[in-house]
Every structure is written in C-alpha cells, then in structure tokens.
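Here is a short report on a two-chain model.

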Amino acid sequence: MTISTLSCKRRVSVDRNFLPVCLCLFFTFCFLGVAAQNRGDTVRPRRDSVMKMRDSSKPVWDTMPRPNDTLMKRGLDSAVKREKDSAARRAREAASRPRRDTDSGAVAKKDSSAMDTSGAGRVTGTVELSGSTDQSGTSVEVKGAGKGAVSTNAQGVFSIRAPADATLVFSHVGFLTTEVDVKGKLNLSVTLARDANTLEQVTVSYGKQAKRELSSAVTKVDASEVADIPATEFGQKLQGKVAGVQIQQTSGLPGNNIVFRVRGAASLSSGNQPLVVVDGQPLNSDATGGTGDINLVDPEQIESYSVLKDAAATSLYGSRASNGVILITTKTAKIGKSNISANVYYGLQTVPQRGRPDLMNAREFATFMNGFYQDKINNEGWVNPTTGTATIPADYANPAQYGKGTDWYNALIHTAPMENYSVNYSVGTDKVSSSTTMTYFNQDGVLYNTGTKRFAFRTNAEYRPVSRVKLGLNIAPAYQIDHNTRGGQLALNGNRQVVAGADLSSPLISPWASKGVYNLSTASYGMYALPNYLQQERIMDNNQTNFSFLGNAYADVEIIHGLHARSTINGDILNQDYNSYYGTQFGYFGVIPPRPPASSQAMNNSNNTYTWTNENLLTYDTHFGNHSLDVLVGYTTQKSYESLRSIAGTGFATDGTPWVSAASTTTGTSNSTSWTLASALARVNYDYKKKYFISGAIRNDGSSRFGVNKKYGTFPSGAVAWVASEEKFFPKTRILSFLKFRGSYGLTGNYNIGNYTQTSLLSGTNYVLSGSTVLGESITTLGNPNLTWETSKQLDLGADLTLFKGRVNISYDYYNKRTEGMLSPLPIPYASGYGSIQYNEGTFRIWGHDIQISTDNIKGPFTWTTDFNISFNDNKVLSLVNNTPIGGTGMYSDYNRTDVGHRIGELYGFVFEGLYMNESDYEKYPKYSTSVVGSARMKDVNGDDTIDIKDRTFLGRTNPKFIFGMTNNFGYKGFDLGVVVAGQVGNKIMNTNLQNLRNLDGVFNVEKSMQYRWRSPEDPGNGKVPTTRSGSTELYRLVNSTWVYNGDYLAIKNITLGYTFGKKMLHYIKGIRVYASLQNAFMFTRYPGQNPEVNDNKDNQTVAGLDGGSYPIPRVMLFGANVNF
Amino acid sequence: MKNIVLFLLVAAIGCSKKFVTLYPEGQVNEGNFYKSTADFQEALVGAYSPLRDAANVAFSLEEMRSDNTFLDYNAKDRGGSGTEDLAEFLDNSSNTTIETIWTADYQGIQRTNVILDKMKTPPAGMNDSAKNQITGQAEALRAHYYFELVRLFGSIPLYLHEVTDAKTAVVNRSSVDEVYAQIEADLSDALGKLSPPTKFPQSGAITKGMVATELGHVYLTLKQYDKAAPLFQSVTQMGYALLPNYADVFKTSNKNSSESIFEIQYKSGTDNQASQFVYYFIPTTPSTGAILGPSADYNNTEGSLNIPTQSLINVYEPGDTRLDASVGVIKGHLDAQTDFIPDSVVSILSNKDTTGRGYGFTTSAAHRFIKKQYNPPYTTPLEYNTDDDWPVYRYSDVLLMLAESLNEQGQSGAALPYLNQVRKRAGLPASTASGQAMLRDTIAHERRVELAFENKRWFDLVRTSQAIPVMTAYGTDQKKAFPFLLPTSYNVTPNKMIYAIPFRETQVNPGLGQNPGY
C-alpha cells in the first residue's frame, strides 16, 4: 500500500518522470509474484483438491509459449489440452531430474503398479505430423489411464509403457486426435492429419486463442504465406488476403503509401488506419494521416498478422480500436530447436505501359496552338506583341516541322533495382529462447534520384530462470534513409508537382539544351512558366533519416496455478531528421530557374518522439468439469512525447554549401507535444464443453486528447459462439464436419484528432506600433471542452464451417456498425472568427459482408489450394451537426462532400452536359456568368435558370461496392506456383489533374482529345470540348463530371514460381528454395490513369478518391532464395 | 495479496486524471492567458492584425471595382480570373476575394469581442487609463471592421460576444440599420475613452482623431450631414496638418505623420510584418531586379492588378502634382518567352499613352502602375517584403468630407476653404465653384484624384448613387478598348452595389441566405 501511494504522488508531481514509477510497479509485481510462488508450492495441493484441477505439475510457461499469450486458452478435452510445448517440456523434465511435485509422483507410482499387474510392455514408434516441419511434441497416452502421457522427440519418436491390449491416444494441437490399438505390437507408425479448425492459434487482444474457439471476427495471416511479395511496408503483403480489409497502394513512392481500411472508413477525417500492435505494443501512429511510423516495421521480422475486425475482438483496445486492430507477432524461437535461415531477393522495377498519360505530341500540340492563336486573331483582335501584327507565333506557325517531340512522362522514369537480404538465427532451450533477425533492404525508385534504404534488427529473448517466472526482452532498432520520398517544396506526388507537372510541359522542347546541359524552361510561346521537371527531379535533394527503436521488457509470474501476473514496459523511440536544399537551379510550377543566390534555401527539420506503455495484467485460467474460464484484468498507461524543431536558412553564396550554416539569414523554431492514455481493462472468457462460448470485455480509457469534461470513456463488448457440429443431434455427415455460429456486439472508439484540440489555443498575431513589431496574442484555434472520442457500436454475426473433411473452410460475417459522435473539424462560419471547431459530430452507419473461403482443391503429388475472399461494404451519413455538409463549398481544390443521406466523401461538382453549340442553344439553356456560344454547358441542378456554384451535385461514391482477393497455390514435387489476384468494383475516381490537362487557355500541353474543340458553329468539334474564347474557359476547368471514372479493376498482383531442393542434395543445408516473382504483374481496368488504387489524401475519407497525378506503381520482376541451415 | 493488487489498480486509476490532463507546453492557451494588463494589451494588438489581411485584398473590391483602376490581362495565368471578375462585374458568391475580406474583418471582430467580453471582469491591478485605452480601441476596431463589412455586403450577422462553441458560432443577419446602430454606438463610446494624438509621428494606434473621422464618415454615408460636420470640425482642432508636398505623404519615411489620421502599419524585415502592395501593382514578370532592387531579382507571379485607367489619367487637371506622385510607368522589353522584363520606372507625364499594343496587354513594352506604394531604393534581399503602410484616413480626406458635409447642408461658402486647402497643396488654383450642385461635383472630382488608389472611389460612387451611371458608361468604353472582354461584362445593376455573401458561409450557416441577384 505504501508503495502504491508513493507511486501516485510521484506521478502527479513529476509527470515527465513517470518511467521510474512504472519500473517500481513492475518490480512490485515481480516481488509479489516471487513471494506468491514461494508460498504456492505449499498451498497448491490443497487448492488443487478444492478446485479439482488436474495436472498441477505444469511448469509455469507451459501454457505460455509466447510473450503475449497470458490468456491462451487451454484445450478442455484431454487431447487438445496437452499442448506440444507442455508435453515436450514434461518429457524432458522427466528425463533430466526427479519430479518435485509429490502429487504427480504419487499418481505415477499408481500407474506403474497398474501396468505391472496387466503385463504392460514398452511400446515405441514414430508419429508423423503431415505437412509439418516440426515433428516433435505429440502427446501419447494410454486411453483411460488418465496419467502418464509422454511426448514425441524432434524426430517424432516416442516410447511409452502400455498394456498389450491398450489403445493409445495421439494428440497434437492442430491435428486430429487419433486412437490406435496396440494389439501387442511393440513398434507403431502413426500419421496425424491436420485439423483445419484447431490448427491455428490466433493472436487476439492481450493473448491467444485457438481459432476454433474464437467468438469474434479475427483473420490470421502467416508471414510465410506472403513471404514472396516484395514490400517496403508490410501492408503491401496483405493486399487481397483478408476479407473486409481494403489495402490500397496509393502511389509507387517507396516507403509510405499503404492505406488500410478495415471494414470501410470508420471515421470522417480523424484517421481510418487500424491500430497496429507489435507484440503487444500499440504503435504511436501519426494522427494526422498516413500510417505514421508503422512503415518502419520490417516485414522480415514478422511471423504472423492478426486482423481484428469486430468490436468483441478489438474493444480491449478501447478508444482507438474503431478502425480495427492489426496485431503483429514477431519471430520467436521454438524450444529445443536452433535454426539459421536467410532470405535474399533482387528485383528490377519498371513502369508498365498501361496508364501512361495520353497527351499531345509535338506536332499535335503545335497544330492545336496554331488554331488557338488563329481563333484569337479572328475573334478577339489578338496581335502578336513581338511583331506587332496579327500573325501566328513562330513556335506554332509550321506544325509539320515537328515529330513526336519530348514525352515528358517517359523522360522521368527508368528501370530501378530493389534488393533485400535478411538473416534469422533462433535458438531455444529450457532457460532461454532467442530469435534475431537482421535485414538490409534497398529500393531505388522508378523515378530517377529517389529511393529508400533500411537497416533493421530485432532480437526477441525470453529467460526462464525459475519455473514460474518468465522474463522477456525484445529490442528492435531500425534505421531508414528516405531519399526524395518525403515531399518538400517540390514533391513528386500531387497536382503540379514533378510527375503531374512534367505532363504539362511543352513537347516541342527537349530536356537538354546540349549534351549534359538542361533546358531550364519547358514553356513554348505563351505557355505558363514551367521548369524542366526532369532537371528538378534529378537535382532534388531532400533526405530524411529515421531511427526507430522498439523495445519491450516483461516479467510474467505464475502466482498460483493458473494465475499470472504480468507487467510490461514498452518503449518506442523515433528520431527523424529531414534535410533539404533549394539552390539557384531550383524551379517549380510558375518559377523557372535560375534563382538569385539570395533566394536559395536550406531546411532542417527534426523530431524526437518517445512513447512508453506500461501494462500490468492479471490473468486467471481454470477448468472445472466441462467448464473453462479465463479472466483478465489489467491497468495500462501510455504516454507519448514529441519534441520538434525546424531551422531554415536563406541566402547562399554558392550551391556548394547546402547547409544552414552557410546561410546569410537563419530562422528557427521548436515545440513539443504529448498525449497520455490511462486505461483499466477486464475480460472474461467462458465455455461449456467447447460447445458454447461466451465472453465479455470492457475497457475504460482516460485520454489527454479530450475535453476536461469528457476525459473518460468505457468500451464494453460481448460475444457468444455455438459450435453446432458438436451437438449430439447434429447429423454427422462427411460433407459438413464443423459448424460454428458467432455473434458479438460492442463499443469501440476513435481518438485520432491530434493533441490539444480540446483547448482554445492562442498564437502570435503581432502588429507594428511606433515602427516596431509588438507582440500580439489571439485565439486562433477554438477549443471544445466537451470533445470526446467517437464511438462505434458494432454488431457482428458470423458463421464458420468446414466441409469435405477439412478441404473447404468458409467463414462469413455480417456487420453493422453505427458510429456516433464522429470526430471531425466541424466547419463553422468564418464570421465566427474561426473556420472550424473540432467536434463530435454526426452519426454514420457502416455495414457489410465479409466472406472468406479456403479450399484444398487437389491433394496428392500435385496440390492446389485456393483462398478467396470478397467483402461488401457501404456507409451512410445519418446526421451531421447543424446539418452542415462537410466540403464542397469552394470553387477550387474542393472535390468531395459529406452530407446527410449520402456516403462519406462522395465526389461533388458540376454535371457537364455539353456545349452551347450555337446561338439557339445559348438562348435556350441556363448560363454561367461567363458563358458564350461554344463554352461548356453545365446542368442547372437547382432549376433556378442560371448556372452558378449552387448547381454542383454528387458525382459518385469513392468506396467500392465490393473488393475481392484470390490466391491460388499449386505444388508439384519441388515446384510451387502462387498467383495472387485482387480487385474492386463500384467506386469512382476523380482525376483532378484534368483541370490542367484539359485547360483551354493555351498554357499547358493537354490531352489529345482537346484538338476536337468547338471553334465555330460550323466547326463545332466533337461537341464535348469547349471553345478557347478568352474569359469563358474557367467553368470547364472547375470540378465536373467529366473528371469522374469507374475505379473497377482486376489485378494480378503477384505470380511466384518456386522450387525447393530435396534435403538429400545438400546435407549441411536443411532446405533451400529459389523463386522468381512478378509483382503488380497485370492490371485490368478501364480507369485511364496509372493506378486505380490511387488516393491522394490517403487517410482522410472525406476527401477520398482523388488522383492528382502520382508516383507510378512499378511492376517488379524479382528472383529470390530462402535457405535454412 | 489480492487486496494489494486491487489497491494498486484503484490507486493507479485514482491518480490518472492528472496523468491524462495535458496542456501544450509550446503554445499559449486559454488556460494561461487573459490574466494581466499585459495580456490584454497583447490581445488588443492581436485585434489590429486582421486589418492587414483585409487591406491586402481590399483594393480589388474597393478600387478595381471602380473606374480608377483595371488590370493587365494575364494570358499565361488564368487562375486569377476571380479578381478580373470583380473588375468586370462578373463576380458571384464563389469568388475567393470576397471570402478573404469577410474572414479577415470578422476575425478582427471576434478578437475585439473576446477582449470586450473579458474586460467585463478586468484583471486586478488594471488602472482606469488602461481600461479606457483597451476598451476604446477594441470598440473602435470592431466598428471599423463592421463599417467595411456593411458597405461591402449590406445586411450581415452581428457578432457581439465571444464565440465559444458551435452554437454561438452561428448568427443570423441583422439589418443594415442595426449594423450601423452598433457601429455608431461603439464609435461614440470609444470617442469618450480615447484621446487625440500627443505627438507626431504617431504610434499608429487608434486615437480620438481616427474615431471622430470614422464616425463622421459613417454619418456622411448615412447622409446625416449635421452629425458629420461637427465631428470633422473637431478633428481640425487636434493638431493634424497637410504635408507641404503631396508625394511625401506616401514615403515610408513619413509614416504616421501629421497628415495621417489612421494607417495600417507594416514593416519590412523577417518578422512577418511586411507589406507587398507594389508586387501586386507592377506587371507579372519573371524578373523584378531592375525596379525593385539589384540584390533581389524575383519572379513576380502576383502582379498586374489595380492598374490606373485612362479614364482616371484623363481627369487630372493640368499642373496637378498628384498625377506624377500617384501613377508611374514601367518601361521594359520582352524576353524570349515573350514575358515582360522591366527596365526602368519613368514619369507618367512624358508617357501618358501606355495602353499597349492591342490585345497582348501584359506584354506591351510600357505599363502604368500605382506609385504610392513604390518607394525606392529597395535594399532588402527579401522578396514580397516592403515597408509601405496602407492609408485609411488622411487629413485631406477629413477636409474633403468636411467640405462635403457642409455643402450638403447648403453651406457651400463654408465648404470651399477646406476644399481649397487640398487643391492648393496639389499645386492647383483655388476652386471658385459656386452652388451646391457644382461644388458637389467639384468635391467628388477632388476626392477621386486626391484619394486615388486609397480604396475610396467605389464606396464614394455607391454612397452618392453614382455607381450605376458612371460604371455603365465606363464599361462601354472598356469593351471597346479591350476586345477580350466578354459581352456579359459590366452589367452594372443595383444588385451589384454590394457583393455576394461568400458561398461557404451560406452553406455552413443556411439561415444566412444570399444577397439578391447572386
């Protein structure tokens, strides 16, 4: 009590130094654990008899082979109950030292006497686990004996005393329990078949569960299934693999472009990325969008992924779980085994031909511009200022002199290599298990002068000094260098940045003035000032280094049998350092170099972030009769602190000194920000006969991000499951062998709003008095003291079934999610003095169906398996505060609107109906203020007989009606072939770059179709492209329906062909596999752009579905090898 | 043992409230501000700064809308056509400039509302003088912002208290009369709290002189000449005087001089207080070095706005020194990209005909521009960074408003001396105009040239009901001179006397409605 009181006071007074307090708590737990353990030996027999607990002799870690599985359920029936580690452990124990447990000893004695009387002998044999590389750990026992089970060794060999007429029961988690009559034989050979339902242990919130016993919607993906997919970010590997999870590769920029949507967008603009938890450690991802530092997680370190989808699965993560949770388990060592493996691949990336922009070549552009000026002379009295006469500018006077000219898009790209080298060493003994992974990854971009390099390291170690104590230490440092991929004053992605900007350049102009010398400008006569984007790409100099360090330490103590206390400290350190230089040759849209040295600029931004999480958990796991129960209670605290600084220098004597130190003027600023979360959580899982499951969980979160009045929130959930196929009345047919129904309901939250938005903030609003700057302060951000998290209430109904002896597994889920108090900046009138207030606004409904089907199509020498998933998802806005729509109020750069009765972020703009083809059209139809005969005619949506901004309307949904993925794997002898297919149907994409590529002011290169423009009533073109008449062109440049395309696609994401060499070929190598893989192999879509997964704004669903021109997605041809020593 | 664990949990939850309560360390917030006199003075300074945001765009709504200025058609960058629409009467509710000035003025209003609400419980130790200064200046600022808004938009929402949440952020419109009543009340109260300037140059803060002038201007606008005249009279007793030389008034060395009643303060340098008016007023050009300083050769993408019209040049009387002081001509050449490169600034007097050659207006070899904010030599190596203030009220304006308010009351004789003070300084003979109507025209003409490019012309035209005839006739001439103008341009209707309410406001405050015709 004294300790805890002290802790509390200390924390209040020295908040920043909370870590030592956590350490105190941590050691308190250790102390309590050890104390309890000492007492435990004496009290256990009594408690055992009271609780009717069988098998109290298990060493403490038996039920906990992994750092996180404090809640792992034990099997109820005797076969499932004896897990392999447990049995192996017991076997080794029996061999190495006398049993300490008197209770067990007594039973063993009784056993041996029984056997003696019935003439028992020693039966030996081999158990083969089909399809498994690990043959050890099968439990073998005499049926009916109740005790005396043994376990197979690494070669699958066992030895047991058994009567000649006995029946032996072979059981192994994940395999069908098999009974074999001894019939006097002394040597048996048994093969256990896989049991598809119990095979998998799935990582769930704060623990593990057998897949068969899950009552919630969780999908597991083993890293080994996706090992051949080259990826900077792990998300890329999961594309098309998990029902209900949309993963978009929004651009080809190496390193940070994966966007997740678990069951659609759960939120408005407050972050839709799932919470990523690595080995129990919730990562501090960027709240403002994107995936934060999760792209620094090295995919090579990962052993498996668990995607938690419904509220019952996620609610233990409380206020940040509404977007789903991805639990990542990293590689750990297996007891009794030592292994070295190496993964190597090398690939070449190229940009596919499909999707490159279809723009005018030099001759076409000169022809277009010739006509453009001819029309100006004829209709607008235009005079060439250079000559003073009405003549066509020289550049365009003779189009026939030009050929194809420069294709600026092609000029930017090249074939680029990517490579990955990874080594893992793992070793496990009784006392220690340790796994170490080292990776070097290097990806050059298909745009010149871009790329990412990563050095990553992870060691997971667990120490078991005494039988009831486990101590773990995991550390994972990573260092990543991003070259020109993190944006800057001129970025690669986005409207009028490098990729999209180059498209606007004149095809009449070569990138090169002479060999090795750039043309500085790419504007022909009358064009907007465009720099040479190839030059800009190649001299770009923005570098970011990222150092991340994930570390966690835990102590797990079994206080009494089944009762564990576990305390964990997680640390997440991220240091980022960004340097850029913009010299005299720097140009961008509108500015052609050279610039004066006084304008040269160097920037340095850096931030240091640490996040610590302290978790203290108590778990209790017990069985009595047909009942199993496990209980979890815990308390966790998390704090994140970031300090950041930014230095800029301007004025450089020479481009040779691109650092702030050489600048003539220097400015700088620094700041810090932090957030905290304190939570209590509890869960109960109960089942009866492994047939009826019921569970309930609750978490209470207090967050610094919310208003003083609303800091705390509670997130309960409940789930039930019924394994119908276990019922006696269930017809035992060969067709349907397993059937389970699930149902869950619960609440989760979303707190991704950034820090301090609940507080009204002031900022410097200075003014000049008496010739000097005087300090001013004004409220510039309006706070909301009632701000709290948004809450999702989610119902999930599901069924899992197994057909044809495990060859077909089907999982189905229906969900209906109602999200209330959506966090979003509520637009308020500018007349209030502010633009928005962070608000819990509105209610949304999200619903859908997830279907996942796995089949073993063909078995035998030739194997063929298929995994298929399809997900339907939709949403509707039910209410908004003041019924104020979000977005769609600006004439420019405002492409979406969220409104009641519609989906989140539907595309929004004018409806193009054609042109005013002639005077009678012009008289007949409503007009915009600048309409003329031949200009664009938009639909009069509100019917007020005039066209203006009020005539914009909804132009389409940005979320697909359904998405699907299919993986087919084929095997024959040593060969394996895998094909991954993914697709989406029903969404619309808006190509916002068309405001430039269909610009009719003669200032950019444009789409080929612009040549069919209206020039006069007699020469009206194709009726779709308006006149170039000065002053009338703006309307056609505004958001309209001609920019909207179907986003449907079918993609062959990956094709991999591998060959595994037989073990006998190389006796010092356990296994070697070589493979060739084609990533982003083929794309079938009618979307004319490069990438139908494009999403410029990544995380913000209110502005989704936009394509402003982005880094091309490369096709990767790679070769790789996996070697095991 | 279980009790201990339980206690640990309870204790941890108990002290978590502190743990989850954080305020930003690097930013002032409401939790630690508005506690002292100094805090309120800083808040008051913050209420001044939106003046600049409004002034930075006001010229396109208040001067380019009139016959004083137009623009150079920029064929290469059609993105700025919203500003052109304002000049050509093609504007609508989606125009971004009207939203900018609306937002700036209301931001100023909100900041004054915060001060005035919080001043109801002033911090301990604040003396009466500080109370009067802070309250008086805040009231005057609020009135100033509302006066601009009501003239631009007509009936508008009247926010008079601090906005604290989504509910108080939405206010419906008040009538024009109610807005003026509030302006009058605020200025009248401020008049009693503030004092005239004690020395010149002044600090730039609001004085009794500014409040009296603005209140007089309000009455003039409301045609309550009997209330206006005494206020202007009082200003003549506060120590203000015309500078001897008109051109000197706009020099950065003469800021806040005895002629200045109120001007919006700027300062060049790196602390974000600089103005950049001259960059708007010179042509769009890839190279500014020849005219804006040899050490800084910048690409100017903002220019070609607020270009003095032939119509204005034509009305300067011969010998009026104000023409050369107000309008300059930039000579230059075309580069290989046919972009205009300035070479030098020359006098308008010897280069009166600079309309350019035909349609390629931006690329003609000579451009008129406003000289009032052109103050060479430029020595700073920074672009878009000038020292020029923006004049709001000058003493000559007061004299002309005084003359007008007297003339409108039939006191033409009393009015004339004030008018002639202004003419004399401009190097012109005294006016002998007689009769109310003739003098009215003379004063209007004098206001046009004396206050050219100071955002007076459009409001004067509207105030005196001259906007429709004057701008319609001007529009006809414009279309002849510039064939690129659309047939629908210069359709000057009564609805166009005020601007549209910004579209976004009508969307997020649906009760607001829209001004007729938009």
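## Interface area

Chain B and chain A of this predicted model bury about 9000 Å² between them, 63% of it on carbon and sulfur atoms. Buried area is the accessible area (1.4 Å probe) that two parts lose on being put together, summed over both. Phe19(B), Leu22(B) and Arg504(B) supply 9% of what chain B buries against chain A, more than any other three residues.

In contact terms (heavy atoms within 4.5 Å), 102 residues of chain B meet 115 residues of chain A. By class, the chain B side has 49 nonpolar, 31 polar and 22 charged residues. Here Ala, Val, Leu, Ile, Met, Phe, Trp, Tyr, Cys and Pro count as nonpolar, Asp, Glu, Lys and Arg as charged, and the others, Gly among them, as polar.

## Nonpolar cores

A nonpolar core joins buried Ala, Val, Leu, Ile, Met, Phe, Trp, Tyr and Cys residues through side-chain atoms within 4.5 Å; buried means under 20% relative accessible area (1.4 Å probe, protein chains only). The largest has 144 residues, and Tyr146(B), Phe153(B) and Ile183(B) have the most contacts inside it. A second, separate core of 80 residues includes Tyr402(A) and Trp408(A).

Beyond four places in sequence, the contacts of Tyr146(B) include Tyr106(B), Ile109(B) and Val179(B).

## Basis

Residues are numbered from 1 along each chain as its sequence is written, and chains are lettered from A in the order in which they are written. Local features need pLDDT of at least 70, side-chain atom pairs count only at pLDDT 80 or more, totals for chains, interfaces and linings use all residues, and side-chain values use heavy atoms, with hydrogens and water left out.

Definitions and conventions. Buried means under 20% relative accessible area, exposed over 50%, partly exposed in between (1.4 Å probe, protein chains only).
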